[in-house]
Amino acid sequence: VVAFAGTAAVVQAPTTSREDVIAAIDRFQLQRATATGSGIILSLATIFPDAGIEISQATGQKSMPGPIDEKKDKKEFTPVEPGSYTSAAIIMLTDGARTTGPDPLEAAKMAADRGVRVYTVGIGTVAGETIGFEGWSMRVRLDEAALKQVALMTLAEYLYAGSAQDLMKVYQSLSSKLVVEKKE
């Protein structure tokens with residue numbers, strides 16, 4: 001589970017524990033800014049921890065030079081067919097209106113090149129609205145075009161959730177598409 005606002009952070013490492021995932025989501029706190037590209041890049045770095053994906057842009061941290069030259073140590077990468085990676089997918093719940101961070105379409109290209117599908121779930125309205133929560137107030141505007149493009153590039157799907165009930169239907173639909181089979 002990756003949370004993103006002005007930057008992105010892994011809030012729950014990959015797990016098969018549904019309870020741990022729900023607990024991580026329950027700890028989310030509303031923050032300003034939307035770095036959709038950062039969310040995708042950090043998700044990819046989490047899915048492929050040994051791939052040498054540069055995450056400093058996603059986390060907002062400066063790269064620290066280490067004893068090994070990172071450029072020399074970078075692994076050779078060969079793109080695969082979009083949608084061909086079946087061990088993981090990214091589900092991104094957002095209004096999609098990027099305000100900071102890397103371009104989400106460049107991040108979607110990274111995902112497509114690795115075969116990872118990015119299912120986008122749009123919330124909010126195209127006209128925009130002001131929302132408030134726990135003393136915060138901010139203007140949000142749904143960028144359906146960007147979310148549809150990210151999903152299209154990665155051979156996934158864009159889904160709209162205009163209400164809490166719609167969101168439940170979206171996740172029920174996704175859970176039937178993203179069945180994980182355990183191999184003995």
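Visitor: Where is the place of Phe48?
Guide: The model is predicted. In it, α3 covers 56-59.

Visitor: Which residues does Phe48 touch, not counting residues up to four places away in sequence?
Guide: One of them, Arg114, is 66 residues from Phe48 in sequence, with 9.3 Å between their C-alpha atoms. With that residue included, Phe48 touches Ile53, Tyr85, Arg114 and Val116.

Visitor: With which residues is Val116 in contact, leaving aside its neighbours within four places in sequence?
Guide: Val116 is among the residues with the most contacts inside the largest nonpolar core, which has 18 residues. Its partners are Leu44, Ile47, Phe48, Tyr85, Ala88, Ala89, Ile90, Ala111 and Thr154.

Visitor: Which element gives the most to this core?
Guide: Two or more residues come from each of α2 (36-47), β3 (90-94), α5 (104-113) and α6 (144-153). The element that gives the most, with four residues, is α2.

Visitor: Are α5 and α6 roughly parallel or roughly antiparallel?
Guide: The axes of α5 and α6 are 9 Å apart and pack at an angle of about 15 degrees. Angles under 35 degrees count as roughly parallel. Therefore α5 and α6 are roughly parallel.

Conventions:
Residues are numbered from 1 along each chain as its sequence is written. This is a predicted model: local features need pLDDT of at least 70, side-chain atom pairs count only at pLDDT 80 or more; totals for chains, interfaces and linings use all residues. Side-chain values use heavy atoms; hydrogens and water are left out. A nonpolar core is a set of buried Ala, Val, Leu, Ile, Met, Phe, Trp, Tyr and Cys residues joined through side-chain atoms within 4.5 Å. Buried means under 20% relative accessible area, exposed over 50%, partly exposed in between (1.4 Å probe, protein chains only). Contact means heavy atoms within 4.5 Å. Axes are lines fitted to C-alpha atoms, for helices over the stretch in contact, and angles run from 0 to 180 degrees between N-to-C directions. Angles under 35 degrees count as roughly parallel, over 145 as roughly antiparallel, 65 to 115 as roughly perpendicular and the rest as oblique.
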